[in-house]
Amino acid sequence: MRIGLTGGIASGKSTVARELERLGAHIIDADVLARDVVALGTPGLREVVARFGVGVLAPDGTLDRAALGRIVFSDDRARADLNAIIHPRVRERARELERSAPPGAIVVHVIPLLVETGQVDSFDEVVVVDTTVEQQIARLMRRNGYERDEAMRRIASQAKREERLRAATRVIDSSGPVPATMAQVRALWQELSGSGTSGRSRTDPSPTG
C-alpha cells in the first residue's frame, strides 16, 4: 500500500511520520531527500548555484538554506525554478527507495507539497495532518523564530488548508495535545495495516475550527 502523508508547514507531519515508522511503516521523507539532492558536490547543488548565484552558499560550500529561503519565499518565479530543479530528483530517489521496501510493506511518502505538485492520485490513501493557520503561525514563531509576517509568507506559499482537506482520504487533527494526535495515528495504523483497499472513493472531509 502506498500512502501519501502531507500537511501544511508546522502541522506536525514529522511527528506523525515518526510514530508511523515506529509502528512499522516504511517512511520515505521528501524533505530529507530534498536536502540530499542538493548536498555538497551534487549536480543538484550546482544547478541551484547556477540559477541563484553563489550567495546561496555557506562558507563551507554547502547550501545556505536560510539565504535561499529568503529568495524563494518572496518570489513565486524563483520558487518555481527551485522546485523544477529539486522535485524531479526527489521523485527519482523516492522511486528507488520504494523499490527497496520489503514485500507487503506499507510505504508512507511524506510530501509537504503533495497537493501542489499534483500527486494526489498517485497514492492509495492521502493522509492530511491538519491544524489551524493560527497554530501554524504560533508554532513557526516559537520553533523557527520567525516574525509573524514571515510565518504567514511561508504558509501562503503552500496550498490552502481547504485544498489539502479536499484531497484527503484520512485526516489527523494535530491541533490538540501530542498524546491525542498519537492516539489518532495508532488508530489510523490499525486501519491501514488491516486494509488492502484504496481510499480514493472516500468522502472528502471539510475543514473545521
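The dialogue below takes the sheet, the helix pairs and the domains in turn.

Tutor: Ground rules come before the labels. This is a predicted model, where local features need pLDDT of at least 70, side-chain atom pairs count only at pLDDT 80 or more, and totals for chains, interfaces and linings use all residues. Residues are numbered from 1 along each chain as its sequence is written, and side-chain values use heavy atoms, with hydrogens and water left out.

Student: What is the order of the strands in the open sheet?

Tutor: The 5 strands run β2-β3-β1-β4-β5, with parallel pairing. Strands are DSSP runs (E, at least two residues), as helices are (H or I, at least four), numbered from the N terminus.

Student: What makes β2 and β5 edge strands?

Tutor: β2 (26-29) and β5 (170-173) each pair on one side only. From strand to strand, the twist averages 25°.

Student: How do you know that β4 and β5 pair?

Tutor: Pairing needs at least two bridges found by DSSP between the strands. β4 (residues 125-130) and β5 have 4 bridges, in the parallel sense, so they count as paired. Val 129 is one example: its bridge partner in β5 is Ile 172.

Student: Which helices pack on the sheet?

Tutor: Helix α1 (residues 13-23) touches β1 (2-7), β2, β3 (107-110), β4 and β5. Its direction makes about 150° with that of β1. Helix α9 (residues 178-193) also packs on the sheet, touching β1, β4 and β5, and its direction makes about 160° with that of β5. Contact here means heavy atoms within 4.5 Å.

Student: Why are α1 and α9 called oblique to each other?

Tutor: They pack at about 45°, with axes 10 Å apart. Axes are lines fitted to C-alpha atoms, for helices over the stretch in contact, and angles run from 0 to 180 degrees between N-to-C directions. Under 35 degrees is roughly parallel, over 145 roughly antiparallel, 65 to 115 roughly perpendicular, and the rest oblique. The angle of about 45° falls in the rest, so α1 and α9 are oblique.

Student: Which residues of α1 and α9 meet?

Tutor: From α1 come Thr 15, Val 16, Glu 19, Leu 20, Arg 22 and Leu 23; from α9 come Thr 181, Met 182, Val 185, Arg 186 and Trp 189. The classes are 6 nonpolar, 2 polar and 3 charged. Ala, Val, Leu, Ile, Met, Phe, Trp, Tyr, Cys and Pro count as nonpolar, Asp, Glu, Lys and Arg as charged, and the others, Gly among them, as polar.

Student: Why is α4 called oblique to α5?

Tutor: The axes of α4 (residues 65-72) and α5 (residues 76-99) come within 7 Å and cross at roughly 130°. That angle makes α4 oblique to α5. Leu 68, Ile 71 and Val 72 in α4 meet Ala 78, Arg 79 and Leu 82 in α5. These divide into 5 nonpolar, no polar and 1 charged.

Student: How is the chain divided into domains?

Tutor: Domain 1 takes 1-25 + 106-194, and domain 2 takes 31-104. The bounds come from an automatic or database domain assignment. Their centres, taken over C-alpha atoms, are 21 Å apart. The contact takes 12 residues from domain 1 and 11 residues from domain 2.
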